[in-house]
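The sequence and the model are shown first, and the points after them are grouped by topic.

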Amino acid sequence: MDFTIFTESWEIYLEGFYTTVWMVAVSLLIGLVCAIPIGVMRNSDNKFIAFPAWAYIYFFRGTPLLIQLYLIYYGLSQVIEVQGTLWQEAWFCALVAFILNTAAYTAEIIRGSINSMPQGEIEAAKAYGMSQLQAFRRIILPSALRRALPAYSNEVIFMVHGSAVAGIVTIVDLTGAARIVNSRYYAPFESFLFAGLCYMVLTFAIIWGFKKLESRYLRHLQPLTEITD
């Protein structure tokens, strides 16, 4: 292995690392905001409300992220005029694809978390005289979001790994940086190995962060032996 490749190319990897982090962070934040109402709509008894949410979730969970990115980046110009707009920017198209994709998966996580709510918590809210809207806002949704943390941590990790497709549309993320380094030194093993190590660092940081959140917000669900240790 030629370790001089790492020392000579660290600036490219740093740029790619920064691009990956901010794109994933923004897409997860906006995707979470969009996923909450979609997940609530999916649970509605009204078919006219539930069906659009179901169709959206079904499409974006049923098709690969790469296909979605291609449809937005290459196919959108056949439907609307993209010249002179943000839609002709690769980073914007990738960001939209990431948001739509993660919102679908997160909405399904939230829907399942709401459905798994203990009936006793809902009945307690009604016993306090809360309306259905108040119970949902004060009890059901906060509790559902806390219970969704373990499943949502997996979605965050998948989003970090899935963001590697951004390099295909000329974005210099971690994978794109590895492609550039490989084209310069013709050393695919070293180039992509370092990118993989960067993804591992991000993954372990996410796991550590969610473990802290779970220990704080899901402490009441842990066995007494774990709490006392």
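Two residues are in contact when they have heavy atoms within 4.5 Å of each other. In this predicted model, residues 24 or more positions apart account for 76% of the chain's contacts with a separation of 6 or more. The chain has ten helices and zero strands, and buried residues make up 39% of its 229 residues.

**Overall architecture**

- Along the sequence, the elements follow the pattern α-α-α-α-α-α-α-α-α-α.
- Taken along the principal axes, the box filled by the C-alpha atoms is roughly 70 × 55 × 25 Å.

- Helix H7 covers residues 149-162. Its 14 residues should span 20 Å at 1.5 Å a residue, and this agrees with the 19 Å between its end C-alpha atoms.
- The buried residues in H7 are Leu-149, Tyr-152, Ser-153, Glu-155, Val-156, Ile-157, Met-159, Val-160 and Gly-162.
- The elements that cover these buried residues of H7 include helix H1 (4-42), helix H3 (65-75), H4, H6 and helix H9 (188-217).
- Ser-163 belongs to the loop between H7 and helix H8 (174-185). Ser-163 counts as buried because its relative accessibility is 3%, and buried means under 20%.
- Beyond its neighbours within four places in sequence, Ser-163 is in contact with Thr-20, Val-24, Phe-98, Asp-173 and Tyr-199.

**Helix H9**

- H9 has 30 residues, and the distance from its first C-alpha to its last is 43 Å, close to the 44 Å expected at 1.5 Å a residue.
- Buried in H9 are Glu-190, Ser-191, Ala-195, Cys-198, Tyr-199, Leu-202, Thr-203, Ile-206, Phe-210 and Glu-214.
- These buried residues of H9 pack against H1, H7 and H8.
- An α-helix has 3.6 residues a turn, so residues three or four places apart point the same way.
- Leu-193 is also placed in helix H9, but Leu-193 counts as partly exposed, at 30% relative accessibility.
- The C-alpha atom of Leu-193 is separated by 8.6 Å from that of Ala-178, although the two are 15 residues apart along the chain.

- Ser-113 is a residue of helix H4, and with 6% relative accessibility Ser-113 counts as buried.
- Not counting residues up to four places away in sequence, Ser-113 touches Ala-144, Leu-145, Arg-147 and Ala-148.
- Leu-141 is part of helix H6, and at 17% relative accessibility Leu-141 counts as buried.
- Leaving aside neighbours within four places in sequence, the contacts of Leu-141 are with Ile-36 and Phe-136.
- Leu-141 and Val-40 are 101 residues apart along the chain, and their C-alpha atoms are separated by 9.3 Å.

**The largest pocket**

- Rolling a probe the size of a water molecule over the atoms shows where empty space is left.
- The largest pocket has a volume of about 430 Å³.
- Of the 16 residues lining the largest pocket, those closest to its centre are Ile-114, Ile-122, Gln-132, Phe-136 and Ile-140.
- Helix H4 (90-115), helix H5 (119-127) and helix H6 (132-147) are the elements that give two or more residues to this lining.
- H6 supplies five residues, the largest share of the lining of the largest pocket.
- By class, the lining of the largest pocket holds eight nonpolar, six polar and two charged residues.

- The structure holds zero disulfides.

How values were computed. Residues are numbered from 1 along each chain as its sequence is written. This is a predicted model: local features need pLDDT of at least 70, side-chain atom pairs count only at pLDDT 80 or more; totals for chains, interfaces and linings use all residues. Side-chain values use heavy atoms; hydrogens and water are left out. A disulfide is a pair of cysteine sulfur atoms within 2.5 Å. On a 1 Å grid over the protein atoms alone, a cavity is a set of points where a 1.4 Å probe fits but cannot get out, and a pocket is an open set with protein on both sides within 12 Å along at least five of seven lines; lining residues have an atom within 4 Å of a point. Grid points are joined across faces, edges and corners, and a volume is the space filled by probe spheres set on the points. Helices (H or I, at least four residues) and strands (E, at least two) are DSSP runs, numbered from the N terminus. Ala, Val, Leu, Ile, Met, Phe, Trp, Tyr, Cys and Pro count as nonpolar, Asp, Glu, Lys and Arg as charged, and the others, Gly among them, as polar. The expected span of a helix is 1.5 Å times one less than its number of residues. Buried means under 20% relative accessible area, exposed over 50%, partly exposed in between (1.4 Å probe, protein chains only).
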